[in-house]
Amino acid sequence: MSYERKKKFIVNIVFFIMAAAITVFILKYVVGWIMPFFIAFAVSAVINPLACKVSQQFKVKKRFAACFCAFLFYAVSVGLVVLIGFGIYLALKNWFADLPYIYAENIEPFISSVPQIVQNFIAAVAPDMAETITASAQQFVANLGSAISDISVSAIGWLSSYITKVPFFVVGVLISVISTFFIASDYENIVAFIVRQLPENWHHILKDVKEYTVSTLCQYGKSYLLIMTITFCELSIGLWLLGVENFAIIALVTAVFDIIPVCGSGGVLIPWSIFSLVQGRFAFGIGMLILYAIISVIRQIIEPKIVGEQVGLPAIVTLMAMFLGVRFMGVPGIFVFPIALVIIKRLNDSGKIHLFK
């Protein structure tokens with residue numbers, strides 16, 4: 001390798017590292033500061049084509065058409081949130097209404113029978129160690145009480161910290177909504193101003209990045225829709241075999257939860273299985289745990305492969321990008337890092353940048 005080629009290779013590597021470091025810094029810190037305006041700009045970009053069509057179709061000014069589309073977007077979004085929230089509220093209300101009956105009929109008898117079960121087990125297995133085991137059990141109960149108390153204090157502190165953030169969240173939402181109307185009404189001029197501030201040779205790259213981002217997001221949507229469909233089929237079969245009524249509806253809701261990284265299918269199946277075990281329905285509870293394990297393993301196997309094939313990356317590269325994304329950015333990194341890697345790859349393949357062969 002000649003000196004010039006070595007020099008060019010080192011310069012490209014340094015540029016890539018610096019660009020990656022700056023990108024991570026911006027995504028992890030700066031974006032959080034300007035997130036309301038970033039959301040407003042993204043919403044404006046989404047509704048801009050519709051606003052143009054409305055303006056042409058009804059012969060109204062683009063400004064009014066953009067404001068109408070922004071209002072329609074947020075009205076539909078708020079309606080969906082309220083509808084979903086109301087459904088969750090009704091489900092929780094019915095569950096809590098039945099909770100005293102469930103406790104009296106299932107949980108309390110089970111808890112009352114535990115000491116007798118332990119005593120009988122000790123007498124049958126190790127009568128000479130009865131006192132030691134009983135003392136250990138009492139110590140475990142005492143430690144369990146302290147642990148529950150600590151968990152309660154931690155939970156209250158966690159809840160209080162989030163409650164204090166509610167006003168900032170509300171203010172951020174209001175700023176996003178208001179900013180959307182301002183940005184959407186003058187979207188073309190704002191975009192033109194931003195483009196004028198960039199170097200001339202960046203214009204085509206910026207256009208390509210926009211196109212690649214939109215296409216990659218569409219491919220991501222298709223990928224996770226396919227994953228959700230597979231999870232729905234697995235859940236439907238599993239719940240049907242376990243004899244669950246309305247298994248299709250429950251499978252659909254759980255599959256939607258499974259797409260959300262913070263929740264996952266475990267947010268539904270694990271509490272359900274634990275509650276079933278407490279009720280004494282051991283076969284059903286163990287079956288739910290087995291179903292959760294199967295879904296989790298299959299999800300971990302198919303997700304990198306399906307997403308990688310859709311966006312044009314090898315499965316191992318997609319898996320690495322997801323892992324690094326979680327390490328650097330948390331849950332958002334699962335999506336941000338693979339998408340960024342796809343955009344970089346497409347820019348390199350098209351010859352706009354030269355980072356690798």
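# Notebook: helices, ring pairs and one exposed lysine

I started at Asn-48, which lies in helix α2. Before going on, I noted that this is a predicted model, in which local features need pLDDT of at least 70, side-chain atom pairs count only at pLDDT 80 or more, and totals for chains, interfaces and linings use all residues. Residues are numbered from 1 along each chain as its sequence is written, and side-chain values use heavy atoms, with hydrogens and water left out.

My helix names follow DSSP runs: helices are H or I of at least four residues, strands are E of at least two, and both are numbered from the N terminus.

**Confidence**

I looked up pLDDT, the predictor's confidence in each residue, from 0 to 100. The protein chain averages 75, and 66% of the residues score at least 70. Confidence is lowest in helix α4 (residues 130–185), with a mean of 66. It is highest in α2, at 85.

**Along α2**

Is Asn-48 buried or exposed? I use buried for under 20% relative accessible area, exposed for over 50%, and partly exposed for what lies in between (1.4 Å probe, protein chains only). Asn-48 has 12% relative accessibility, so I count Asn-48 as buried. Next I listed contacts, meaning heavy atoms within 4.5 Å. Leaving aside neighbours within four places in sequence, Asn-48 touches Lys-62, Tyr-187 and Glu-188.

Ser-44 is also placed in helix α2. Ser-44 is buried, at 1% relative accessibility. Not counting residues up to four places away in sequence, Ser-44 touches Thr-180, Ile-183, Ala-184 and Tyr-187. I then checked for polar contacts. These are pairs of N or O atoms within 3.5 Å; within protein, one must be able to donate a hydrogen and the other to accept it, and residues adjacent in sequence count only if both atoms are side-chain atoms. The side chain of Ser-44 reaches the backbone nitrogen of Ala-184 at 3.4 Å.

Ala-51 lies in helix α2. Its relative accessible area is 0%, so Ala-51 is buried. Which residues does Ala-51 contact, leaving aside neighbours within four places in sequence? I found Lys-62, Ala-65, Ala-66 and Cys-69. Ala-51 and Ala-66 are 15 residues apart in sequence, yet their C-alpha atoms are 4.8 Å apart in space.

**Lys-59**

I moved on to the loop between α2 and α3 (62–125), where Lys-59 is found. Most residues other than glycine have a negative phi. Lys-59 has a positive phi, near 55 degrees. At 73% relative accessibility, Lys-59 counts as exposed.

**Ring pairs**

How many aromatic pairs does the structure hold? I noted 3. Rings of Phe, Tyr and Trp (its six-membered ring) pair if their centres lie within 6.5 Å; planes under 30 degrees apart count as stacked, over 60 as edge-to-face and the rest as tilted.

One of them joins Phe-41 and Tyr-187: the centres are 5.7 Å apart and the planes stand at 40 degrees, so this pair is tilted. Phe-41 lies in helix α2 (residues 35–58) and Tyr-187 in helix α5 (residues 187–196), so the pair ties together parts 146 residues apart in sequence. Phe-41 is partly exposed, at 28% relative accessible area. Tyr-187 is buried, at 9%.

Trp-272 and Phe-284 also form a tilted pair, 5.8 Å centre to centre with 55 degrees between the planes. Trp-272 lies in helix α8 (residues 266–278) and Phe-284 in helix α9 (residues 282–311), so this pair ties together parts 12 residues apart in sequence. Trp-272 is partly exposed, at 22% relative accessible area. Phe-284 counts as buried, at 10%.

For helix spans, I took the expected value as 1.5 Å times one less than the number of residues. α8 has 13 residues and reaches 17 Å from its first C-alpha to its last, close to the expected 18 Å. Its buried residues are Gly-266, Leu-269, Ser-273 and Ser-276. They cover an arc of only 120 degrees around the axis, which puts them on the same side of α8. I take the arc from the directions between the helix axis and the C-beta atoms. Just after α8, Gly-280 takes a positive phi of about 95 degrees.

In α7, Ala-251, Thr-254, Ala-255, Asp-258 and Ile-259 are buried. They cover an arc of only 145 degrees around the axis, so they sit on the same side of α7. An α-helix has 3.6 residues a turn, so residues three or four places apart point the same way.
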